[in-house]
Amino acid sequence: MLLPRLLTCVAACALLLTPGCGGCGPGRGYGKRRSPRKLAPLAYKQFSPNVAEKTLGASGRYEGKITRNSERFKELTPNYNPDIIFKDEENTGADRMMTQRCKDKLNSLAISVMNLWPGVRLRVTEGWDEDGHHSEESLHYEGRAVDITTSDRDRNKYAMLARLAVEAGFDWVYYESKAHIHCSVKSDHSVAAKSGGCFPGDASVIVENGIRKSIRDLRPGERVLTLSGEKGRAELVYSQVLTFLDRDPGIHKLFYTLTTEGGAHLSLTAAHLLFVSQGNCSEGGQPTPSSLRTAYACEARPGQCVLVARGGLGTLSRISSVTVTERRGVFAPLTAQGTLVVDEVAASCYAVVGQHSLAHWAFLPLRLMHSWTGTSCYRGDGVHWYAELLHRLGEMLLDSGHLHPLGVTSAHR
């Protein structure tokens, strides 16, 4: 119990130091406008951040080689940005293939390069590697790494190019050689874990009047169907939506879609928690809180049972298949109960931390603040500031056994 209390105390202190809703989230703030800071070029052989590439604080662990014939190949997307030159010496288009996160950062860097050096473009010499030209467990094999230069190949620019890559948001940048800069990113799965876990925009919930509603149309203050574990029973109750821990209607993400024998379909990101049966399950059985455990969506397997809402009751339904699909929009509502019934399946509101009870403890200050003030201090789209705070605290205070596995390197296990 010490760890939940510690997280709660630290988070509560942060809340007490927050001057009010006017100071919540990003904004201009008060005082003079800061002048643009001067960018410092990276030194030769310097890397940023100053940790190993495949650690939690950088690009994260290696997850396995992606080939054109593998299921994970659909995680890669081609980059046809005309402002970027791709060397493509293999003449296969491989250097253009990369994860969406890598593509986003690379496109951002291309703009910075043109702004700083008019007439000069970003050049990619190495991208996704399908031929085994890099070291074992290289992130090039996953489309998460690129080696870059400028189009004029002026090596005097490379130190600043490395700094621009850091500013563009690459998770690890290394001034690796006099001939190029190496950049890499976290996997899209681990980024989903860090953002808190979400449901797609077209997922549905049931509001208090019994009407089904798309989660993208849900608003704080509405009451939705949730799971309660009080009184030793797994009951379905209506609970108020306090805020969104993450909300981005336009983004495309990979979701794990669980299909049950009863016809329910639940899609959620890899690190999101849901409730599955302990051991063997009986289709249509009546669960108790002790018969359920929390698991990450990426750990759900056919044969396990989840809790589904049918006819106002919560019954068990066996998972028949688990697939990975791309969907639009990410939404993570937080209810007072800490749970939510989405597309008829009961799930946690939380992610990343492997215990629902621990996550519910950590969000106690936010729930208390809402009950005291009636506001969540949340503005617009994006990740809630409190969720970001807890993520930083979790990295400092939690051991890897409590964190989502795709966000933890083997060095931290």
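How many bridges join strand E5 to E6, and in which sense do the two run? Four bridges join strand E5 (residues 122-126) to E6, and the two run antiparallel. Strands here are DSSP runs of at least two residues (E), helices are runs of at least four (H or I), and both are numbered from the N terminus. Two strands count as paired if DSSP finds at least two bridges between them.

A quick word on the model: it is predicted, so local features need pLDDT of at least 70 and side-chain atom pairs count only at pLDDT 80 or more, while totals for chains, interfaces and linings use all residues. Residues are numbered from 1 along each chain as its sequence is written, and side-chain values use heavy atoms, with hydrogens and water left out.

E6 also has strand E8 as a partner, again antiparallel and over four bridges.

Now for E6 itself (residues 145-150): six of its six residues are buried, so the strand is largely enclosed by the rest of the structure. Buried means under 20% relative accessible area, with a 1.4 Å probe and protein chains only. In a regular strand, side chains alternate between the two faces of the sheet. Ala-145, Asp-147 and Thr-149 sit on one side of E6, with Val-146, Ile-148 and Thr-150 on the other.

Leu-161, in helix H3 (residues 158-168), is buried too, because its relative accessibility is 0%. Beyond its neighbours within four places in sequence, its contacts (heavy atoms within 4.5 Å) include Ile-148, Thr-149 and Thr-150.

Notes: Buried < 20%, exposed > 50% of the residue type's maximum accessible area, 1.4 Å probe, protein only.
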